[in-house]
Structure formats: structure tokens, C-alpha cells
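Please examine the sequence and the model shown below.

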Amino acid sequence: MKTFRIHFIRHGLAEDPDKVLCLGGGSDPALTPEGVRELRDLMDTYQYPFAQKVYSSPLLRCTQTADVLFPDTPVETMDELRDCDLGEFEGKPFSEVKNDEKFIGWIEGKNPPPGGETSEDFGNRISCAFDDILHDMSKNQLTDVAVVTHGTVIMGLFAMCGYPRQEMSAWATDRGRGYTVRTSVQMWMHDGCFEIIGRQPFDEEKYPEEELSEEDREWNFIE
């Protein structure tokens, strides 16, 4: 049974963190110079996994991250990998909306952001994106690919479909970092799930409690 390995990576810094904006699928800022430096520092310190192809959100913060981390790898943009649409809250400072009843209701899961995407629609969209990626990998005989997308996309997809099962917040990841998952067509079609098997880039000092198997170590750094 053929297995597929998909390396999910969160994009780099695209906004001044002091601004603390609601940044979703309706905002398209480029990476900041600091964001590019952060990514290059990660590349200098760690080895990112080999990928035969990169699937990316079409937003600049993702396509530019893909260009930095995987400069020699073909990139396909997928609109389904775009961040959640925050509607009326898009681009607004948290200080402006934090006391808004609709904003509080959205954070608590009681309602979608006004004019934005519902949790159900967002979940269906990113699940379809994963399905399309697997179909393309199978069609083109790919076994190792990367997905450069948004933190919310990673957390949402992993909470719905990933094993071990954990709450959405458990899959939060730093910029330029992420996770590797493994699945097969049979596993995805029958159970709608994938196995989360490690972090990327592998950082033994940051996560000393996590150990890769010898097999996973071999493909984790293969070129």
C-alpha cells in the first residue's frame, strides 16, 4: 500500500506583530523583511524536508514563504488553502473589536464573523483541499510534498482529520514551522484521516520529547 507524506508549513511574518490585526483570507500583505530573515535563519539552522512539489495558499505571505523555503520546487497555488474569511473583522485591530458581541460570539463558536465564512464551510473547504492534494499526488506518482498555508488551516484540518485526536489549539505552530502527516488513499477514503508523525523542521532541542523512528528519520532528511 503506497503511503503519502505531506509536510504542512505555516507562512512567515506578514504584519508588524505590534499591530495585532485580525488577519484572514481577505487580507493579502507580503512578508515583512523580518519575516524573510526569520525564514532564512530557520533554513540556516535546520534542514527542511525534501518535497517533490509545493501546494500553497494563493496569498502572498504563503507563496513568498514557499519561494524562500523551497526555492527549486514547483509550486501550485490552491484557493482552497486560503485562510478563513473573517468578514467584517478582516484587517481590524483586536483592540477595536474585542468587546464587540458578534466578535465574542465568533470566538466562542456561537456565530460566524458577520459577512465571513462559517466553521462548517471552512472545514469543508480545507478538507476538499486535502482530498485534491492526495488525488494529484496519486495521479502524478508523488510521495513527498509540502503544503504552505495558514495556521488556522493547519489547526482546523488537523483537529478534524488528524491522529492523535486533539483540540484545534493543540496544533498551533510557530511561523515557518509545522508538521508532517502520513496517509494513504485507502486510509483517507475509508476513514477520512491521516497520522501526524512529527514536526517540521525537525528540532531536537526545541522538542526533545519527540523522537522520530529510524524510518521516518531517513525520509525526513532525504534529498
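Cysteine 161 counts as buried, at 5% relative accessibility; buried means under 20% relative accessible area, exposed means over 50%, and partly exposed lies in between (1.4 Å probe, protein chains only). The model is predicted, and local features need pLDDT of at least 70, side-chain atom pairs count only at pLDDT 80 or more, and totals for chains, interfaces and linings use all residues. Residues are numbered from 1 along each chain as its sequence is written, and side-chain values use heavy atoms, with hydrogens and water left out.

**Cysteines**

- A disulfide is a covalent bond between the sulfur atoms of two cysteines.
- For counting, a disulfide is a pair of cysteine sulfur atoms within 2.5 Å, and the count by this rule is 0 disulfides.
- The closest cysteine sulfur to that of cysteine 161 belongs to cysteine 193 and lies 8.0 Å away, which is too far for a bond.
- Cysteine 62 is also buried, and its relative accessible area is 0%.

**Salt bridges**

- Side chains of opposite charge can pair when their charged atoms come close.
- A salt bridge is a side-chain nitrogen of Lys or Arg within 4 Å of a carboxyl oxygen of Asp or Glu, and 7 salt bridges are counted by this rule.
- Glutamate 76 and lysine 53 form a salt bridge whose closest N and O atoms are 2.6 Å apart.
- This pair links distant parts of the chain, 23 residues apart: glutamate 76 is in strand β3 (residues 75–77), and lysine 53 is in the loop between α1 (33–45) and β2 (54–56). Such labels follow DSSP runs, numbered from the N terminus, with helices (H or I) of at least four residues and strands (E) of at least two.
- Within this pair, glutamate 76 is partly exposed at a relative accessible area of 31%, whereas lysine 53 counts as buried at 15% relative accessibility.
- Arginine 82 and aspartate 79 also meet in a salt bridge through their side chains, at 2.8 Å from N to O.
- Arginine 82 counts as partly exposed at 25% relative accessibility, and aspartate 79 counts as partly exposed at 46%.
- A further salt bridge is formed by arginine 182 and glutamate 195, with the closest N and O atoms 3.6 Å apart.
- These two residues are 13 residues apart and link distant parts of the chain, with arginine 182 in strand β6 (residues 178–183) and glutamate 195 in strand β7 (residues 194–200).
- Arginine 182 is buried, with a relative accessible area of 18%, while glutamate 195 counts as partly exposed at 34% relative accessibility.

**Strand β6 and its partners**

- Strand β6 is mostly covered, since 6 of its 6 residues are buried.
- Strands pair if DSSP finds at least two bridges between them; strand β1 (residues 4–10) and β6 run antiparallel and are joined by 6 bridges.
- Isoleucine 6 has valine 181 in β6 as its bridge partner.
- Strands β6 and β7 also run antiparallel, with 5 bridges joining them.
- The bridge partner of arginine 182 in β7 is glutamate 195, a residue with which arginine 182 also forms a salt bridge.

**Glutamine 200**

- Glutamine 200 is found in strand β7 and is buried, with a relative accessible area of 1%.
- The side chains of glutamine 200 and threonine 180 make a polar contact at 3.0 Å. A polar contact is a pair of N or O atoms within 3.5 Å; within protein, one must be able to donate a hydrogen and the other to accept it, and residues adjacent in sequence count only if both atoms are side-chain atoms.
- Glutamine 200 is joined to proline 201 by a cis peptide bond, with omega about -15°.
- Proline 201 lies in the loop between β7 and α8 (214–220).

**Other backbone features**

- The peptide bond from tyrosine 163 to proline 164 is cis, and its omega is near 10°.
- Proline 164 lies in the loop between β5 (162–163) and β6.
- Glutamine 141 has a phi near 55°, a positive value in a residue other than glycine.
- Glutamine 141 lies in the loop between α5 (119–139) and β4 (144–149), and this residue is exposed, with a relative accessible area of 62%.
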